[in-house]
Amino acid sequence: MTQPADWRVYRGTGDQHDGLDRLPAPPPWRRFDGAPPAVEPAPQQAAPSLPPGLVDRAKTYRPSPEVVDAVNAAMVLRRPLLVTGRPGTGKSSLALSIAHELGLGQVLHWPVTSRSQLQDALYRYDAIGRLQETNLYRTDAAGSVLPIGRYLRLGPLGTALLPRRRPRVLLVDELDKSDMDLPNDLLNVFEEGQFEIPELARLVDTTSVEVGTADPGETATVENGIVRCHEFPIVVITNNSEREFPSAFLRRCLRINVQPPDNETLTMIVQAQLGAEATAAAHEVIARFRALRRESELATDQLLNAIYLTTSVDTADPATMSRLVDGVLTPLTWNPPI
């Protein structure tokens, strides 16, 4: 009997491949009719567009099987993935890993704060700048009124919703820090896969406007003031459990709780980042980290920093090095004495 092929498009191994070709068609209720360009650039498998430092981080990230399955389920259903977990467990790195492995280019990053608003992530219109330049120059070199698209730039969410055959990866970082209304504001955009730019929709003399995007130096054409996706983006929303989300928002997401890496995964991460020789030389630091982690909250990057410090700094005073390592491995919930 022939065994079925692995349904997982994303594997979490750090090795690049074009697995999107195996992604099933979206459910009928998650199909969008945004028209992609006739010709799109091929995925840059040999030359990832992530910056080198982020490529290393993406290559060495090792998600658990449960996280890999959750990512693939979200991709099949074309739904956002709400990732919950302690600080330092690799929630943000998951988005980098997906983008690198599937050759989807730079991650579109929306860091959320208490002042974040939906429109900031969709687009920004510099009306004051347009007024000032219009009053100063009146017209451009060709004698035409300065185009409105010159003053309009799509944000990370708006850029992610541009119509493409291959989805972009969008990282909505720390949504639990947002204003209470923001998750509800996102509902229609995630459900409909589109949004309107009123400044363009009310134009009467043109239907196509070229605007800036969240990708530096890149532009896109907006038709009739509507940005409508063709493939729903791969949306990773991180959450540090600082608040509850509305049930209407939660039911539109797939949810996964990222656990701190176990000892085997921790060793794999250290070896991938620093090499087997550094891992072997720092077995005492690793043991100390594991013991501390059983009693308090620590992040994996604290261990990496501690190992790099012990293997890079040459000191003959073990007590000094021990104090430095203790400082790096300070629990995240540590309160200084008064």
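Predicted model: local features only at pLDDT ≥ 70, side-chain atom pairs only at ≥ 80, totals over all residues.
**Exercise 1.** Find what Arg78 is in contact with, leaving aside its neighbours within four places in sequence.

*Solution.* Collect the contacts: Leu23, Pro24, Ala25, Pro26, Arg30, Glu231 and Phe232. Then take Arg30 from this list. Arg30 and Arg78 are 48 residues apart in sequence, while their C-alpha atoms are 6.5 Å apart in space. Last, turn to Glu231: its side chain and that of Arg78 make a polar contact at 3.4 Å.

**Exercise 2.** Describe how helix H10 (residues 263-274) and helix H13 (residues 300-312) are placed relative to each other.

*Solution.* Two packed helices are described by the angle between their axes and the distance between the axes. For H10 and H13, the axes come within 11 Å and the crossing angle is roughly 50°. Angles from 65 to 115 degrees count as roughly perpendicular and those under 35 as roughly parallel. H10 and H13 are therefore oblique to each other. Their crossing is right-handed.

**Exercise 3.** Which residues of H10 and H13 meet? Sort them by class.

*Solution.* From H10, take Leu266, Ile269, Val270, Gln273 and Leu274. On the H13 side they meet Thr300, Leu303, Leu304, Ile307 and Tyr308. Sorting this contact by class gives 8 nonpolar residues, 2 polar ones and no charged ones.

Technical notes: Residues numbered from 1 in each chain as written. Heavy atoms only, no water. Axes fitted to C-alpha atoms, helices over the stretch in contact; angles between N-to-C directions. Helix = DSSP H or I, 4+ residues; strand = E, 2+ residues; numbered from the N terminus. Parallel < 35°, antiparallel > 145°, perpendicular 65-115°, else oblique. Left-handed = near helix turned anticlockwise from the far one by under 90°. Contact = heavy atoms within 4.5 Å. Nonpolar A, V, L, I, M, F, W, Y, C, P; charged D, E, K, R; others polar. Polar contact = N/O pair within 3.5 Å; in protein donor to acceptor, adjacent residues only side chain to side chain.
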